[in-house]
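Hi,

Here is the structure I promised to pass along.

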Amino acid sequence: MKETTPEAPRKKRIYLVEDEEEICEIVIKFLEREGYEVAAYYRGDTAMEALRENPPDLAILDIMLPGMDGIEILKEIRKSLLLPVIFISAKKTEVDRILGIELGADDYVPKPFSFRELTARVKALFRRIDYDTAGQSPVEKNILKTRTLTLHLDSMKLSSKTASADVTSSELSILRTLMQRPGRVYSRDELHSQLVNGERTMDTRAIDMHIKNLRRKIRTINISPCFIQSIRGVGYKFED
């Protein structure tokens with residue numbers, strides 16, 4: 001019998017949406033060197049069409065774009081697509097960063113940035129996603145349940161008996177950590193280390209914004225939004 005050669009693992013596909021061609025060329029070079037498949041788009045409207053027709057594994061979005069800006073693209077992504085998003089932008093204020101995270105971005109990299117740092121953040125984000133669905137039994141791998149809430153790890157959904165809401169990969173990591181040990185208080189640093197697998201690539205204050213988003217989503221599917229409790233001066237815990 002003729003031996004069959006095992007198929008090579010599929011390369012993760014990234015869409016880079018950035019109107020500066022020089023930046024695109026360098027980012028593509030760094031990401032392809034790490035084994036990723038990268039497609040660049042220089043207009044927001046063109047990128048949105050591609051995202052709808054053939055969603056990638058990750059989108060890297062600039063905020064200021066011709067045709068359709070990154071904020072509008074992210075809003076559209078969160079309506080129907082479950083994929084991680086990293087914002088890159090020359091806007092450096094805390095308001096811009098908070099807005100991006102509130103809308104569901106998983107990370108925010110201000111310009112000018114180190115291309116090696118951006119590559120490290122991409123790798124950390126993919127590792128986190130892979131970790132969230134690895135090393136558990138088939139039942140545990142797909143579902144994490146408490147009395148009234150269910151976190152679906154494979155489909156990135158949070159549900160109650162009557163409704164459900166999508167969560168981002170960052171929200172998934174935080175909620176998964178909290179739900180696995182109800183009542184246990186986690187500091188922001190601990191949640192941050194879970195979020196980026198120990199790599200300090202994101203401001204720990206971003207944890208507060210992710211918690212705020214999770215509380216809002218819990219409120220939309222359950223009468224009580226108080227499952228995630230703040231412990232003043234320490235961090236957060238989950239109670240059900």
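A residue counts as partly exposed when its relative accessible area falls between the buried limit of under 20% and the exposed limit of over 50%. Keep in mind that this is a predicted model. Lys 75, at 36%, is therefore partly exposed. Lys 75 sits in helix α3, which covers residues 70–80. The C-alpha atom of Lys 75 is 6.7 Å from that of Leu 103, although 28 residues separate the two along the chain.

Leu 103 also turns up in the second largest pocket, as one of the residues nearest its centre, along with Arg 78, Asp 166, Thr 168 and Lys 217. That pocket holds about 160 Å³ of space and has 18 lining residues. Helices α7 (169–180) and α9 (206–221) each give two or more residues to the lining, with α9 giving the most, three. By type, the lining splits into seven nonpolar, four polar and seven charged residues.

Now the salt bridges: there are 14 in the structure. Glu 20 pairs with Lys 111, with 3.6 Å between the closest N and O atoms. The two are 91 residues apart, Glu 20 in the loop between β1 and α1 and Lys 111 in the loop between β5 and α5. Lys 111 is buried at 9%, whereas Glu 20 is partly exposed at 41%.

Lys 123 and Glu 34 form another salt bridge, at 3.4 Å from N to O. This one ties helix α5 to the loop between α1 and β2, across 89 residues.

Arg 184 and Glu 190 form a salt bridge as well, at 3.0 Å between the closest N and O atoms.

Cheers

How values were computed
Residues numbered from 1 in each chain as written. Predicted model: local features only at pLDDT ≥ 70, side-chain atom pairs only at ≥ 80, totals over all residues. Heavy atoms only, no water. Helix = DSSP H or I, 4+ residues; strand = E, 2+ residues; numbered from the N terminus. Buried < 20%, exposed > 50% of the residue type's maximum accessible area, 1.4 Å probe, protein only. 1 Å grid on protein atoms, 1.4 Å probe; cavity = no way out; pocket = protein on both sides within 12 Å on 5 of 7 lines; lining within 4 Å. Points joined across faces, edges and corners; volume = space filled by probe spheres on them. Nonpolar A, V, L, I, M, F, W, Y, C, P; charged D, E, K, R; others polar. Salt bridge = Lys/Arg side-chain N within 4 Å of Asp/Glu carboxyl O.
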